[in-house]
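My notes follow in the order of looking.

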Amino acid sequence: MDFTLDKKHEMARSLFHDFAQNEVKPLAQELDEEERFPRETVEKMAKCGMMGITVPKEYGGQGCDELTYVLAMEEIAKVCGTTAVVLSGHTSLCIDPIMTFGTEEQKQKYIPKLAAGEWIGAFGLTEPGAGTDAQGQQTKAVLDGDEWVLNGSKCFITNGKEANVYIIIAVTGTVEKRGRKMKEISAFIVEKGTPGFTFGTKEKKMGIRGSSTYELIFTDCRIPKENLLGQIGKGFAIAMHTLDGGRIGIATQALGIAEGALDITVDYVKERKQFGRAIAAFQNTQFQLANMKARVDAAQLMVYKAAAAKDQVGFGSASSYGIAAAEAKLFAAETAMEVTTKCVQLFGGYGYIREYDIERMMRDAKITEIYEGTSEVMRMVISAALLK
Amino acid sequence: MSLEEYKGVFIYAQQVDNHIDNIAFELLGKAKDLAKPLETPVTAVLIGYQVKDLADKLAEYGADRVIVVDDPELKEYRTEPYAHALASVINEYKPEIVLVGATAIGRDLGPTVSARVHTGLTADCTSLDIGDFPLVAKEGQEQKHNQLLMTRPAFGGNTIATIACPDHRPQMSTVRPGVMQKLPKVAGAKAEVIEYNPGFTPNNRYVEIQEVVKAVKNTVDIQKAKILVSGGRGVGSPENFKILEDLAAAIGGEVSCSRAVVDNGWKPKDLQVGQTGKTVRPQIYFAIGISGAIQHVAGMEESDLIIAINKDETAPIFDVADYGIVGDLNKIVPKLTEMIKAEKAKKA
Amino acid sequence: MKIVVCVKQVPDTAGGVKFKPDGTLDRAAMLAIMNPDDKAGLEAALRLKDQYGAEVTVVTMGLPKADAVLREALAMGADKAILITDRRLGGADTWATSSTIAAGIRNLEYDMIITGRQAIDGDTAQVGPQIAEHLGLPVISYAQDIKVDGDSVIVQRQYDDRYHVLKAKMPVLITALAELNEPRYMTPKGIWEACDAEVTVWGRDDLKDLSDENIGLAGSPTKIAKASDKVRKGAGTILKDLDADGAAAAICNTLVEKHYI
């Protein structure tokens with residue numbers, strides 16, 4: 001088993017590293033302070049193919065694999081949690097379900113522009129009454145002639161107001177399953193600008209403050225019949241599949257945040273002097289760093305393993321990588337929170353000052369334990385697989 | 001044609017718009033120095049159109065002889081006719097040494113000519129001496145004497161190498177402006193003037209000049225400045241930055257500052273040096289009234305020469321300065337400006 | 001249009017000079033990169049390709065590991081790559097290097113050759129113009145803008161205080177400045193395809209019209225008499241208890257000694 005990256009992945013990593021250092025890092029603090037979406041960075045990422053890394057060449061993408069996309073996410077997240085989640089929401093939560101479940105017409109219509117970064121993607125599942133309890137969906141879609149009519153709202157949607165294409169999960173009816181009445185849930189592709197589709201509150205968040213997090217409101221919003229994604233009634237399965245892949249993205253975001261925090265902390269403790277020497281000379285510092293390094297390296301292996309598992313099936317079923325993805329997200333997110341918190345402590349008073357990046361990294365880390373399935377949900381998923 | 005037959009120290013007298021560049025006088029100064037142990041005259045090669053009258057100026061700064069190549073094809077610098085001119089002079093007069101200024105012209109003319117006459121060229125030399133090669137006699141290897149030893153930085157300035165060109169002539173080197181010293185002017189000095197024209201027939205290597213556009217100096221980019229005079233909180237007020245500006249003007253540098261200055265609104269952000277400002281690597285960095293916190297030092301510690309002035313001797317800037325002066329900047333800086341102006345006046 | 005771009009793999013002396021614990025230069029630890037002026041030259045060629053359509057071939061002379069800069073160039077959009085490598089070519093000064101590369105280029109068809117102005121390790125700015133000399137081509141150095149006009153190029157040639165707008169009929173050799181442009185990034189697709197692409201390798205014997213007298217250390221007119229690496233500097237001289245005149249004089253003298261004035 002060779003744990004080193006091959007030539008193409010090494011070269012790809014160095015591309016993403018240079019890009020992150022030159023284009024992403026200089027804006028990170030500003031995006032956070034101003035709660036500003038990195039529109040110009042998206043354009044630059046688009047220019048070098050980063051908005052369509054996993055999309056096959058025949059659809060205008062780069063034709064690379066999940067591992068390549070993970071390397072991009074990792075390098076970007078090391079310097080900016082916000083920019084990383086923009087890429088993740090776009091790639092894992094929008095491009096992936098369309099590539100997996102879309103008809104040829106849908107792929108031809110949406111994928112080339114998404115891959116080119118001309119359009120940004122988003123995914124709307126969460127509602128005020130439906131978080132972990134995703135089945136608590138209330139948004140409805142009713143077929144009226146040649147159109148579906150959507151009514152309802154989604155909240156906490158990443159890339160909210162900046163996206164152009166949205167995967168929206170909605171209730172289309174009721175079904176009977178094993179004698180019980182259950183909601184029939186389906187998935188739809190909705191374009192920005194469709195009459196009846198408006199935006200509500202922009203959320204003010206603890207972290208990833210540059211990410212555009214919005215409420216989506218549907219009021220008699222009519223979309224073409226052709227915009228049903230996948231089969232009717234398969235919406236929940238589509239959402240779960242999408243989140244399985246999304247977990248790899250978020251696990252990578254968490255990994256990158258942890259790595260970035262550790263890197264700047266190692267530099268800091270070498271420079272910061274107290275009691276006549278660098279604080280790196282104290283064993284407490286050394287042991288803390290060692291503990292963090294071991295966990296970060298473990299997280300990286302788990303993330304790469306999940307990506308490799310997904311690469312075995314590409315846009316196929318998530319059954320072969322879903323658990324690995326859940327484990328990676330669970331471990332990486334908790335590592336990110338633990339590492340960033342300890343790093344703030346090692347910075348001492350300066351760790352609390354916004355001019356230094358470390359406190360932003362801690363605020364950014366927290367959400368990775370929550371969205372796209374809380375750590376509690378990850379535990380449910382993993383234990384269910386164990387106890388099957 | 002044996003190497004011993006090559007005699008004389010020649011310099012390329014760069015002129016633009018029929019005005020001799022200072023580099024030519026600097027090269028003459030050095031040439032005179034090299035010519036002494038070699039016991040040969042110093043010749044300036046003047047190439048251009050209607051430039052014969054400039055020969056006297058070259059004599060005043062040390063040329064014993066001036067070879068003038070004058071032709072309409074040479075009105076504005078173009079690589080090919082100029083290379084043909086200089087290479088022809090070399091083939092005709094066989095100098096043992098040819099010095100060229102390492103300017104945007106010299107660094108194009110030099111390599112072309114050295115390749116044309118099949119000899120070696122050493123670029124951007126910081127010192128030139130006459131000596132032996134090999135430096136220390138080696139068994140079984142001929143040690144040649146009266147060789148031009150050319151010393152230059154390489155590897156981004158991190159290595160110093162001494163180069164020789166033992167088996168080819170002329171020995172050629174380019175020298176940057178400001179490195180060598182020109183001699184004091186000897187008013188009224190005259191040189192032997194030789195007119196030489198090898199004939200200029202345009203060929204495929206002659207390019208056409210469509211336009212000549214003179215540069216206009218525009219906004220300051222502290223990252224491009226060779227000398228920075230940087231001020232910190234210790235300068236005290238925006239008005240007091242005047243003394244730094246005067247120093248910058250005298251020494252040919254630009255003004256930059258620390259974060260504290262920008263936060264106080266005394267200077268704009270694009271002049272800020274430091275971790276959250278710009279990283280600079282000038283030849284000289286004056287840190288005036290700057291304490292030297294890591295955040296600032298990270299942006300300038302790669303400067304070639306760091307000179308710090310601060311009244312607090314415990315200021316961390318003194319840990320990175322090459323020369324640290326503990327004193328009152330308000331008194332020292334104006335005095336320094338005066339002295340620099342005086343030095344420059346002496347040399348002009 | 002066929003464009004040949006010469007690139008060199010160099011240690012990152014501009015950005016990443018590394019020192020050993022004892023303060024001496026650690027060349028082995030330094031990152032190997034594509035020389036910045038050459039990258040700008042490659043970008044210029046790729047822009048001409050975007051605008052006018054062209055086949056871009058990158059050539060490098062170096063150790064086998066210089067393959068990495070060729071792959072990088074392919075990943076940026078170059079079409080073909082050639083590595084000239086052979087022990088017999090080592091130790092070359094600019095005369096021998098330019099003779100060798102010119103011999104390689106004689107095997108190719110070209111309308112334009114673009115090289116960087118200078119490499120950040122040798123710092124001579126000589127190889128470009130010397131290649132032009134060996135091939136009998138017009139040379140335009142210090143290009144700050146390149147356009148194509150039919151069978152000619154229109155180039156802005158930078159001088160210290162002005163620039164010329166020059167027109168020359170192709171074939172022509174142009175040397176590029178790093179300030180010429182902002183080089184594009186590679187793309188993931190470019191990288192994957194570059195790693196699978198074939199790089200042509202030429203040894204000394206593949207270079208015709210090249211005499212042994214003009215290659216390698218033996219073929220180099222300039223010889224190194226001695227070389228020493230600078231040591232990283234530690235803390236410098238601190239002067240206290242001087243009055244204003246004394247302090248100003250001390251600084252001024254230092255500046256004069258070091259030829260800054």
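Entry 1, a helix pair. I took α2 (residues 67-76) and α5 (residues 188-196) of chain C; their axes come within 7 Å and cross at roughly 135°. I count α2(C) as oblique to α5(C) because of that angle. The scheme calls angles under 35 degrees roughly parallel, over 145 roughly antiparallel, 65 to 115 roughly perpendicular and the rest oblique. Axes are lines fitted to C-alpha atoms, for helices over the stretch in contact, with angles from 0 to 180 degrees between N-to-C directions. Helices (H or I, at least four residues) and strands (E, at least two) are DSSP runs, numbered from the N terminus. The α2(C)/α5(C) crossing is right-handed: the near helix is turned clockwise from the far one by less than a right angle.

I then listed who meets whom, with contact taken as C-beta atoms, placed from the backbone, within 7 Å. From α2(C) come C:Arg71, C:Leu74, C:Ala75 and C:Met76; from α5(C) come C:Gly190, C:Ile191, C:Ala194 and C:Cys195. By class this contact holds six nonpolar, one polar and one charged residues. Ala, Val, Leu, Ile, Met, Phe, Trp, Tyr, Cys and Pro count as nonpolar, Asp, Glu, Lys and Arg as charged, and the others, Gly among them, as polar.

The model is predicted: local features need pLDDT of at least 70, side-chain atom pairs count only at pLDDT 80 or more, and totals for chains, interfaces and linings use all residues. Residues are numbered from 1 along each chain as its sequence is written, while chains are lettered from A and ligands numbered from 1 in the order in which they are written.

I found C:Asp79 in the loop between α2 and β5 (80-84) of chain C. The cut-offs are 20 or more other C-beta atoms within 10 Å for buried, 12 or fewer for exposed, and partly exposed in between; C-beta atoms are placed from the backbone. Leaving out residues up to four places away in sequence, C:Asp79 touches C:Glu55, C:Val56 and C:Thr57. I also checked C:Glu43, 36 residues apart from C:Asp79 along the chain; their C-alpha atoms are separated by 13 Å.

B:Arg169 to B:Pro170 is cis, omega near 0°. B:Pro170 sits in the loop between β10 (159-164) and β11 (171-175) of chain B. C:Met170 to C:Pro171 is cis, omega near 5°. C:Pro171 sits in the loop between β9 (162-169) and β10 (172-176) of chain C.

A:Asn159 has phi near 65°. I placed A:Asn159 in the loop between β3 (147-157) and β4 (165-177) of chain A. A:Asn159 is buried, with 27 other C-beta atoms within 10 Å. B:Asp124 has phi near 55° and belongs to strand β7 (residues 121-125) of chain B. B:Asp124 is buried too, with 20 such atoms within 10 Å.

I found 68 residues of chain C in contact with 71 residues of chain B. On the chain C side, α6(C) gives the most, with nine residues. By class, that side has 34 nonpolar, 17 polar and 17 charged residues.

Methods: Contact = placed C-beta atoms within 7 Å.
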